[in-house]
Amino acid sequence: MAPATPPQVPRHELSYTKVLSELFADRLQLCNAPDLVLTHGKYATTPEFALGRVRAQLQARDELVGAVTTLIGAATKLGLSADARQALSAWLLARDDPEQSPQLGERVIEHLEALDFRDPAVDVVLARREHLRAVSRWIVGSDAWSRDIGFSGLHHAIASGLNVNILVLDTVPYSTRDTADPETRKKDVGLYAMNYGNVYVASIALYASFMQMLQAFTEADKFPGPSVVVAHLPYTSDASPSLDVLKETKLAVDSGYWPLYRWDPTKEDRGIDPFSLDSEAVKASLQEFLDRQNHMSLLTRTKPEFATALVTNLGDRLKEARTARADKAFDELVNSLGGPPLLVLYASDGGAAEKIAKRLADRAKARGLPTRCATLDSTPLADIAQEGRVLFVTSTAGQGEPPQNGRDTFKLINAAVARGDKLAGVQYGVFGMGDSHYWPRAEDTHYYNKPGKDLDGRLEQLGAERLIPLGLGDDQDADGPQTGYKAWEPLVWKALGVADVEVTEAEPEPVTNEHIKIASNYLRGTIVEGLQDTSTGALAASDGQLTKFHGIYEQDDRDIRDERKDQGLEPAFAFMIRCRLPGGVCTPEQWLAIDQIADEHGNGTFKLTTRQTFQFHGVIKRHLKPAIQDINRCLLDTIAACGDVNRNVIVSSMPQQSQVHAEAYAFAKKMSDRFLPKTTAYHEIWLDKKLVAGNAVQDFEPLYGPYYMPRKFKMAVAIPPNNDIDVFCNDLGFIAILGEDGHLEGFNVSAGGGMGVTHAMKRTYPRLGDVLGFCTVEQGYAVGEAVMTVQRDNGNRADRKNARLKYTIDRLGLATFKSMVEKLLGWEFAPARPYKFESNVDPFGWSTDYLGKHHFVTFIENGRVEDAPGHHFKTGLREIAKVHKGNFRLTANQHVIVSDVDEEDLSQIKDLLARYKLDNLAHSGLRLSSSACVAFPTCGLAMAESERYLPVLVDKVEKICEEHGLRHDSIVMRMSGCPNGCSRPYAAEVAFVGKAPGSYLMLLGGGYYGQRLNKIYRENVTEPEILAILGPMIKRYALEREEGERFGDFVIRAGYIAPTTAGALWYEGMGGEGEHREVAAAA
């Protein structure tokens, strides 16, 4: 008979057992581990077997405890030494302590084995020695156990009272929860267990809250009885991507389908509530309900007259509503005298289609047409059927998809077509907006303006009458979509019979960021009022623009956006907070504060950004002010971390040249402080600093003025030979030049760098800065002010997409721009001094500076500081910060340096780095040189994954590198979820920029040390295409490269791509060279 084969554990389920292994190490005992099948047979993984095994082990330990107790009582009679008695007593007292029981147990065995006699109690202890150690016993099972709790043996384990922990994995995805067989409905294991009263119960989800999971496991282990931990792990097969598991988990937790909680009966004995609700979304909804109920109850109890007032107010509101409806009906009656009503519906993500739709509606009203304008999804299909005339304006999202606020109606229209429904009596027109070059391949051309084309065709199928032909706006036209719109709009007025109506009223000017800034009262707006509004988790759109100047971006969780919309809920709004941290230097005390703020106000993690600062995500509105106040308490702030001002000034980390770093850092710090906005709005709103007497605020911005800058402005200070901060990617760069004494003498100044691009809009492009000349350190401050002044006065405020300094320089000409700066300075730049850059990646590992201080550059993939299976970076860096006496430095490549370690502290820091695997630098050169922006799920601009996907792609590309002997070769690879380029992708040797979920722009040929832009190689690639392209290319690089030749240089020499010689020429030669050229579809 063939030996039993251990069952294969699904790879996703290994994530939980891996956490258990890391948490409990060698004292973990999986009582139904698959490998037990080899020694105990095929039933070894069943709960009945595991429970029997646990019962036998606990019985044996009870016998051990009894024997030790007997020996202590008979110690004098047996002649045991005082040391032996002390060892037995110490173990007995600490027998359940996981740390002390092993060592104390070893002492017991040493003393008993040294005895020259034998006793039955001694024999029992020696025979049961394996049970001297306190172990953590776990039985792991699937959700199949919850379909028949009695039959599965789960009931017996819960009712046994034994000290055993049970982990039940629920693998049903939230999106398929309704497809389960109702005849085998699962029971609520957690609720069932809680009914016993003496059982620890927790509901966890690894991908939702790692810290809550660790807390639950730790509490379950300490509980002196049965513990049941139900864990959500939604997947359908081993092939399910981890990213899908994460998204399904977030849907389940946010919707309340899978609440996170802990139930600890021992807390009742201490007068503490045994139930802890850990789901933030559920807690927020519950708290809102309780607050409302408590408020009303308190009012009616203390002042009974309020009860009557409340009812009376309700009646008054009904009367007001009726009056409003009557007024509306009257207005509609009057308007109808001017002709049939017109409904304008739009679907828009970025706002372009919305602007056109609202302008169309305003022009219709000016021609005397009663007109309404709304989003497509806000108007039921049944209401559309009742309208006489409807005009639709829609843009194109993703891969030919409708925009977010129109998708539901598109689905309803498709379903109506399938059913054969009719929209008889409806006259319609459609204007679609798209980009004919966004999907340039012939097989992808059908994505161009697909929503508009589909909508036009479906409405015809439903029997609606086409009022005017389909209009199409193309971003590639001379005026963008306006070219097509200008031809389409006159047809609308002709079809509606108002073409000859003369419009005398001036159209209202659209509200832009410039209007918002000037009307903001120096960045105040209505932010205070918005923070007090508890009816929504968001702020007003105009305030959302202003909070950027305060270091805050409004976002929402895009993983669960559709689900919340289906439930009739607003998006899960939360905010990103970015600190101002010049040069990326912080103290250990500040690091600990940041770590705590992330836990108390954010999502439990924080991001190290490409601008050397901290970024928090998932901060809900009511936590904004407390979070910023906590940041302020640790002597940091968030002002000017975003917005149309000078942002965080970054500095080369350069641990080997700490003397120069200190001087460059001091310069950067002064520059950052010098160009801070002077308004007191930040301190009033967030720090409760009082207004001046009479609220008569007289703010004055000597540099910025009330309009501030036309767009964001970025500065950087580089210290050759390492260009780790990509100095040429910044609006203003300072390249450190050292004197003969090794001290900072001055800077070569570069100007005009910038990364932001809009897909397929060729008037936008990345650009690297041009060197203007040399200045001294003291002159550098004046240079900064002069360059910013020229940009302030000459930047394009009419078009934000062309407002950065790079476009100002190209419009004015470099020579003219330089002369304008020198005129303000009153002196000319000296000729640029010689310098040399060699790399822009971080020098990982240990280094020692001229003072004998030690520095360790640790790898934090994509800058995400978190605890996750396999690495506990957040905990590790926290423990280091508790004992570290130097500083931390953040790098512009999203890593961290444990800096300024004294010789006497070196061993302690090394031990902590090793304990938390922060000293692991055995990564491939590709991974160490990679970088990604945040993108999904929080960034509102993201078009594709970045931070969550790049590590997966690197896994596959590094295998190609290893096959060809390039594991340790550095290739700079970067990924950005949108073309704004926060990860500086356009300066990388190979880069990917998101266009739609799973689709990327592929770029090649950037300079290894940031000296040359890359160029578009393919306009739309998916993962299989990426691997198919890079495979042969990397092989050729390994075989044909010249001595010291970098990958970005090789792809140019080998003829894959042409070099980019200037930002304005970025599009020339795109698509590859010669045989490698991609043939685009005909326009």
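**Before starting**

Residues are numbered from 1 along each chain as its sequence is written. In this predicted model, local features need pLDDT of at least 70 and side-chain atom pairs count only at pLDDT 80 or more, while totals for chains, interfaces and linings use all residues; side-chain values use heavy atoms, with hydrogens and water left out.

**Stop 1: the domains**

Colour the protein chain by its domain assignment: domain 1 (13–59 + 136–297), domain 2 (63–131), domain 3 (341–496), domain 4 (732–838), domain 5 (845–924) and domain 6 (926–1076). These bounds come from an automatic or database domain assignment.

**Stop 2: where domain 1 meets domain 5**

Select domain 1 and domain 5 together. Here 8 residues of domain 1 are in contact with 7 residues of domain 5, contact meaning heavy atoms within 4.5 Å. The two domains bury about 510 Å² between them, and 67% of that area is on carbon and sulfur atoms. Buried area is the accessible area (1.4 Å probe) that two parts lose on being put together, summed over both.

Next, highlight α1 (14–24) and α11 (210–222), the elements that give two or more residues to the side of domain 1 that touches domain 5. Helix α1 gives the most, with 4 residues. Helices (H or I, at least four residues) and strands (E, at least two) are DSSP runs, numbered from the N terminus.

**Stop 3: salt bridges across the sequence**

The structure holds 63 salt bridges. Begin with arginine 564 and aspartate 254, whose closest N and O atoms are 2.9 Å apart. Arginine 564 lies in helix α24 (residues 561–566) and aspartate 254 in helix α12 (residues 242–255), so this pair ties together parts 310 residues apart in sequence. Both arginine 564 and aspartate 254 are buried. Buried means under 20% relative accessible area, exposed over 50%, and partly exposed in between (1.4 Å probe, protein chains only).

Move to glutamate 489 and arginine 363, a salt bridge with its closest N and O atoms 2.7 Å apart. Glutamate 489 is in helix α20 (residues 481–495) and arginine 363 in helix α16 (residues 352–366), 126 residues apart. Both residues of this pair are buried as well.

The next selection is arginine 800 with aspartate 644, where the closest N and O atoms of the salt bridge are 3.0 Å apart. Arginine 800 is in the loop between α29 (777–794) and α30 (805–812), and aspartate 644 is in the loop between α26 (621–633) and β19 (650–651). Arginine 800 is partly exposed, with a relative accessible area of 28%, whereas aspartate 644 is buried at 3%.

Finally, select Lys247, Lys250, Asp557, Asp559, Glu945 and Arg948, which are linked in a network of salt bridges.

**Stop 4: backbone features**

Show the backbone at proline 720 and proline 721, which are joined by a cis peptide bond with omega about 15 degrees. Proline 721 is found in the loop between β20 (715–718) and β21 (732–738). A cis peptide bond also joins phenylalanine 936 and proline 937, with omega about 10 degrees.

Glutamine 612, in the loop between β17 (606–608) and β18 (614–619), has a positive phi near 55 degrees. Is glutamine 612 buried or exposed? At 0% relative accessibility, glutamine 612 counts as buried. Aspartate 900 has phi near 60 degrees and lies in strand β30 (residues 896–901).

**Stop 5: helix α36**

End at helix α36 (residues 1023–1040). Its buried residues are Ile1026, Ile1029, Leu1030, Gly1031, Met1033, Ile1034 and Tyr1037. They pack against elements including α35 (950–963), β33 (990–996) and α37 (1047–1053).

How values were computed
Salt bridge = Lys/Arg side-chain N within 4 Å of Asp/Glu carboxyl O.
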